[in-house]
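Subject: Structure for your review

Dear colleague,

Please find the structure below, followed by a summary of what was found in it. I would be grateful if you could read the two side by side.

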Amino acid sequence: MSDHYVKVNIQLEEMKSFGEDAEKEGVDAEEQVPVCSPSASVSPPDPSSTTIAGRDASNTSITCKHRGKSRSKLGKDDKNSCGKHTSDVSLHGSVVSAPVGRNLNRLGHDRTLHIKGTGKILQGKSETNGNYVTVHPSKNIQETRREDGFKHAKKGRPVTVDISKAKTSLEALKLSIKQLKWKEFPLGRRAACDIYWHGVSFHDNDNIVSGQVNKFPGMIEMLRKINLSRAVRTMQELFPEEYDFYPRSWILPEECQQFSTQIRMVKENDATVNPTFIVKPDGGSQGDGIYLIRDPSDLKLMVGTQAKQAVVQEYIQRPLLIDKLKFDIRLYVLLKSLEPLEIYIAKEGLTRFCTEPYQEPSQKNLSHVFMHLTNYSLNVHSGNFVHSDSQSTGSKRTLSSVLYRLAAKGVDIKKVWSDIIALVIKTAIAVVPELRVYYQCDIPPGKPGPTCFQILGFDILLTKNLKPVLLEVNSNPSMRIEHEQEVAPGVFEYVPSPVDEDVKVGVIRDTLRLMDPGHKKPSISQHGEEIPMEAETQERSPDEGALPSLCLKQVYPKYTKQFNYLRLVERIASLFIRFLGVKGNMRMGPTAFRTFIRTCKLSNSNFSMASVDILYIDITRRWSGTMPDSREAGMGLQAFVEAFFYLAGRRFKSLVLREQVVSLLQLCEAQLESQSGVEERRSVSCSRAMPRAVRTLGLTNPQLNSPAPLRRASSQDYRLHQRLKPRTLRANVEN
Ligand code: ADP
């Protein structure tokens with residue numbers, strides 16, 4: 001029996017009574033309501049062991065197609081081998097060797113960390129969790145909503161979770177709920193639940209008015225390859241050094257010409273340079289449609305309406321190899337809240353290995369998919385894929401086992417880990433501004449609605465020089481705890497995957513613990529921290545006694561001090577949202593843009609309101625051309641940011657872009673502050689009779705304070721703007 005199964009058996013024994021207790025509680029059948037949506041996944045996995053036809057795994061064409069999926073029976077024992085955190089290595093700065101077979105009570109007490117193989121012992125810092133820093137000192141809507149949730153959570157009653165839309169995360173979710181002794185509602189519930197677990201999108205169920213949903217509105221759209229590239233590029237313009245972890249990218253088809261010209265120039269300047277590029281379709285996942293090229297003329301572009309939206313990206317030619325194989329890291333990140341920004345990173349992740357030894361790209365090997373692409377979903381079909389119950393061998397391993405191995409070779413993994421944390425925080429800072437626009441559109445302040453959180457899957461490559469590079473962020477990382485296995489030649493079925501279970505159940509369970517409506521909020525300190533290099537322990541509340549310490553580590557606001565200066569676009573987004581006008585809108589109309597310019601006093605004799613209108617039309621037209629499937633007219637956030645950069649450049653010519661933007665932000669914010677002071681004083685007398693929500697809205701929404709003609713014009717803008725429908729939703733991807 002492998003180490004893993006020894007551990008699982010011990011754990012099973014320990015969990016038996018725990019599991020039985022949970023089962024006894026059962027599911028409240030009366031409260032279950034069938035879910036009408038055809039997409040609802042209400043039944044447990046098909047118990048019959050279905051198989052799928054074999055496929056040609058030897059196909060080495062780099063362009064890949066979607067494959068069918070099958071499920072196999074999960075034995076009761078397998079289901080009950082509740083995913084504990086069995087990692088031999090506890091991340092956060094240092095590698096830990098944990099004794100094999102530690103039980104569920106074991107975690108959270110390690111202070112002395114051994115680096116196996118090196119004989120190193122690190123003293124962990126004993127810390128409580130009281131190091132929060134808040135960026136926004138006043139309570140905001142999201143916080144208030146969450147606190148209302150705490151009030152509703154009656155002491156003693158189990159937390160309720162609607163799992164009717166959980167789809168492929170169902171198995172891992174059920175195990176997590178069982179470990180927490182919470183109550184699941186597989187068919188939904190007539191009364192409100194505390195937590196709603198959606199398998200794909202915020203919109204899986206649009207009828208939620210309270211509680212918490214595990215998806216943010218707009219996350220799928222925001223993390224598509226083009227949008228992510230755009231968001232990171234904006235940050236690269238402001239902070240080129242801080243954002244050098246994302247490969248240089250061009251957006252197709254609109255930047256095709258630019259791409260060709262730039263590469264030609266690079267090659268003309270230095271004939272020895274021979275870069276490779278990777279082309280990724282915008283909506284693709286699991287390696288679908290990806291190919292490598294060495295020359296812009298090899299781009300497979302289609303013309304007209306068939307022009308494929310894609311990102312072409314500099315290919316990292318020298319990745320770090322282990323056992324001569326390329327691999328990437330799947331890191332789980334919890335975005336706990338947008339306002340205030342709260343980010344947690346899972347200390348344990350997965351690594352996915354290629355199945356053909358790596359060689360630097362050459363014309364001959366460009367199409368070797370098993371050499372260049374680390375996607376699990378591709379490599380699992382290579383004859384060389386190694387399924388292993390051990391966490392440190394095989395084609396899918398735990399991140400800790402890989403870091404342990406690197407540490408044993410003398411690699412400074414503390415540095416690698418803190419670079420990874422920085423990459424995650426910076427990426428979040430890049431995407432949060434637009435997420436806030438989606439959020440206010442779907443859950444306008446003052447209207448009933450849930451709060452949101454989301455687990456994201458960061459795909460990270462380490463270069464030969466140990467620099468983490470961001471490949472992409474998945475809004476729906478696969479939470480499957482089974483994997484496809486060829487059980488007979490050409491016959492595949494899903495079998496339990498201990499490595500997946502260990503990692504993913506821990507992530508879901510601890511996400512739930514953090515989102516527990518009765519969870520004690522940690523106290524908030526005034527200063528952010530440096531990313532520490534030692535391991536930490538985390539506090540547990542007394543009722544969590546039987547559970548391991550959290551496998552999720554808070555990184556923001558904890559490290560606010562180091563990263564807060566990057567949040568410039570978010571401040572621009574705050575202005576944008578403030579002037580958007582009618583709530584529920586994502587695009588700014590010309591009137592609202594004029595109001596912004598006037599209110600912030602940005603026009604003058606050199607920059608007339610006519611020029612303002614021309615600027616609006618020019619930028620908006622260009623951006624709507626780059627988003628052919630957008631059904632909404634008006635100026636989106638990205639276009640507004642471009643306009644803001646332009647205005648900043650005009651006004652503060654002598655400064656560099658970053659300083660120009662900071663200066664204009666300060667100017668606008670000062671104007672608004674002085675005006676809101678005046679408005680506030682003016683409204684005090686008449687607002688006494690108004691409900692609080694109306695008063696609050698009035699202060700933040702210039703349209704409500706604006707003269708009637710302006711309000712009318714603004715609602716005309718609004719009528720033009722149909723709400724952006726979510727585009728095709730991506731299925732959960734393991735990659
Ligand atoms: P998908 O969503 O289709 O999985 P990814 O962006 O994750 O697309 O790319 C698929 C795989 O291609 C990655 O897992 C990685 O192995 C490889 N890859 C992607 N981008 C790069 C890059 N810039 N340099 C080197 N390898 C890359």
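Four strands form an open sheet in the order E7-E10-E8-E9, with antiparallel pairing. Strands are DSSP runs of E with at least two residues, helices are DSSP runs of H or I with at least four, and both are numbered from the N terminus; two strands pair if DSSP finds at least two bridges between them. The edges of the sheet are strand E7 (249-252) and strand E9 (291-293), each of which pairs on one side only. On average, neighbouring strands of this sheet are turned by 25° against each other, direction ignored. Such angles run from 0 to 180 degrees between N-to-C directions, and the axes are lines fitted to C-alpha atoms, for helices over the stretch in contact.

This is a predicted model, in which local features need pLDDT of at least 70 and side-chain atom pairs count only at pLDDT 80 or more, while totals for chains, interfaces and linings use all residues. Residues are numbered from 1 along each chain as its sequence is written, and side-chain values use heavy atoms, with hydrogens and water left out.

Strand E8 (residues 277-281) is joined to E9 by three bridges, and the two run antiparallel. Within this pairing, Phe 277 has Ile 293 as its bridge partner, and Ile 278 has Leu 292. E8 also pairs with E10 in the antiparallel sense, over five bridges, where Val 279 is the bridge partner of Val 312.

Strand E8 is largely enclosed by the rest of the structure, because five of its five residues are buried (under 20% relative accessible area, with exposed meaning over 50% and partly exposed in between; 1.4 Å probe, protein chains only). In a regular strand the side chains alternate between the two faces of the sheet. In E8 both faces are covered: Phe 277, Val 279 and Pro 281 are buried on one side, and Ile 278 and Lys 280 on the other.

Helix H6 (residues 225-238) lies across E7, E8 and strand E10 (310-314), at about 135° to E7. Helix H7 (residues 256-269) lies across E7, E8, E9 and E10, and runs at about 145° to E7.

In the loop between E9 and E10 is Asp 298, which is partly exposed, with a relative accessible area of 36%. Leaving aside its neighbours within four places in sequence, Asp 298 is in contact (heavy atoms within 4.5 Å) with Tyr 291 and Ile 293.

Elsewhere, Arg 567 is found in the loop between helix H13 (560-563) and helix H14 (568-579). Arg 567 counts as buried, at 5% relative accessibility. Its side chain makes a polar contact with the side chain of Tyr 556 at 3.1 Å and another with the side chain of Glu 570 at 2.8 Å. A polar contact is a pair of N or O atoms within 3.5 Å; within protein, one must be able to donate a hydrogen and the other to accept it, and residues adjacent in sequence count only if both atoms are side-chain atoms.

For the protein chain as a whole, the secondary structure comes to 21 helices and 21 strands. Of its 735 residues, 56% count as buried. Among contacts with a separation of 6 or more, 74% are between residues 24 or more positions apart.

Yours sincerely
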